[in-house]
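Open the model in your viewer and keep the sequence panel beside it. The stops below say what to select and what is to be found there.

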Amino acid sequence: MSAAKLQTGEDGRLQAFADGEWKPVQVHRCFPWTEPEHFISLRDTDGKEVALVDDPASLDEASRAAVQKALAMAAFVFEITSIDDIRQDIELRVWSVKTDKGARRFQTELDAWPDSVPGGGWLLRDVTGDLYRFPPIEKMDRATRKKFWAFQD
């Protein structure tokens with residue numbers, strides 16, 4: 001698909017122009033895995049394929065940059081659904097959370113704070129480089145809001 005128009009939205013997610021409007025999409029690499037930069041499925045929030053990018057080189061420069069950024073982040077961004085615990089351990093902060101990919105435990109430096117993203121929510125990078133996206137405060141459950149309040153900007 002060479003006529004695709006893609007951009008990074010205000011919330012940091014990849015968006016595709018489809019059916020006359022910009023829609024958030026997720027990138028999914030397709031087989032063969034020996035060519036990870038080809039055959040990229042763009043799927044809406046329901047998992048329905050909106051488009052298939054055979055080769056990002058066929059996209060315009062802005063669209064290609066947006067899809068490459070999304071690919072770089074896709075495997076390493078965890079969507080936080082709730083926070084179970086946050087504690088300090090020597091010079092690290094230990095987070096126990098539930099994500100869209102299951103329960104996770106990760107560590108951050110004590111001086112690492114979530115960065116707010118346009119459109120709401122926050123991003124936090126752990127000590128191994130993985131990214132965690134926190135939803136806007138109004139979408140957090142009460143217990144998660146209570147644990148997260150000190151980290152808001």
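Start with the largest nonpolar core, which has 15 residues; select Leu6, Leu14, Val27, Ile40, Leu42, Leu59 and Val67, the members that touch the most others. A nonpolar core here is a set of buried Ala, Val, Leu, Ile, Met, Phe, Trp, Tyr and Cys residues joined through side-chain atoms within 4.5 Å. Buried stands for under 20% relative accessible area, exposed for over 50%, and partly exposed for what lies in between, with a 1.4 Å probe and protein chains only. Colour strand E2 (14-18), strand E5 (40-43), strand E6 (49-53) and helix H1 (61-74), the elements that give two or more residues to this core. H1 supplies the largest share, four residues. Helices (H or I, at least four residues) and strands (E, at least two) are DSSP runs, numbered from the N terminus.

The model is predicted: local features need pLDDT of at least 70, side-chain atom pairs count only at pLDDT 80 or more, and totals for chains, interfaces and linings use all residues. Residues are numbered from 1 along each chain as its sequence is written, and side-chain values use heavy atoms, with hydrogens and water left out.

Now centre on Val67. Leaving aside neighbours within four places in sequence, Val67 is in contact (heavy atoms within 4.5 Å) with Leu6, Leu14, Val27, Leu42, Pro56 and Leu59. Another core, of 13 residues, lies apart from this one; Phe78, Ile80, Ile83 and Val97 are among its members.

Two strands count as paired if DSSP finds at least two bridges between them. Ile83 has Val97 in E8 as its bridge partner. At the hairpin of E7 and E8, two residues separate the strands, and Ile90 takes a positive phi near 60°. A hairpin of two residues joins E8 to E9. Across this pair, Trp95 stands opposite Phe106 in E9.

Next, go to the open sheet of three strands, ordered E1-E2-E3 with antiparallel pairing. Its edge strands, pairing on one side only, are strand E1 (6-8) and strand E3 (21-24). On average, neighbouring strands of this sheet are turned by 35° against each other, direction ignored; axes are lines fitted to C-alpha atoms, for helices over the stretch in contact, and angles run from 0 to 180 degrees between N-to-C directions. Three bridges pair E1 with E2 in the antiparallel sense, and Thr8 stands opposite Leu14 in E2.

Stay in strand E2 and pick Gln15. Is Gln15 buried or exposed? Gln15 is buried, because its relative accessible area is 15%. Beyond its neighbours within four places in sequence, Gln15 is in contact with Lys5, Leu6, Gln7, Gly9, Trp22, Lys23, Pro24 and Val25.

The last stop is E5 and its two partners. Strand E4 (residues 26-29) runs antiparallel to E5, with four bridges joining them, and Gln26 has Arg43 in E5 as its bridge partner. E5 and E6 also pair in the antiparallel sense, over four bridges; here Leu42 stands opposite Ala51 in E6. Finish at the hairpin that E5 and E6 form, with five residues between them, and select Gly47 in the turn, where phi is positive at about 85°.
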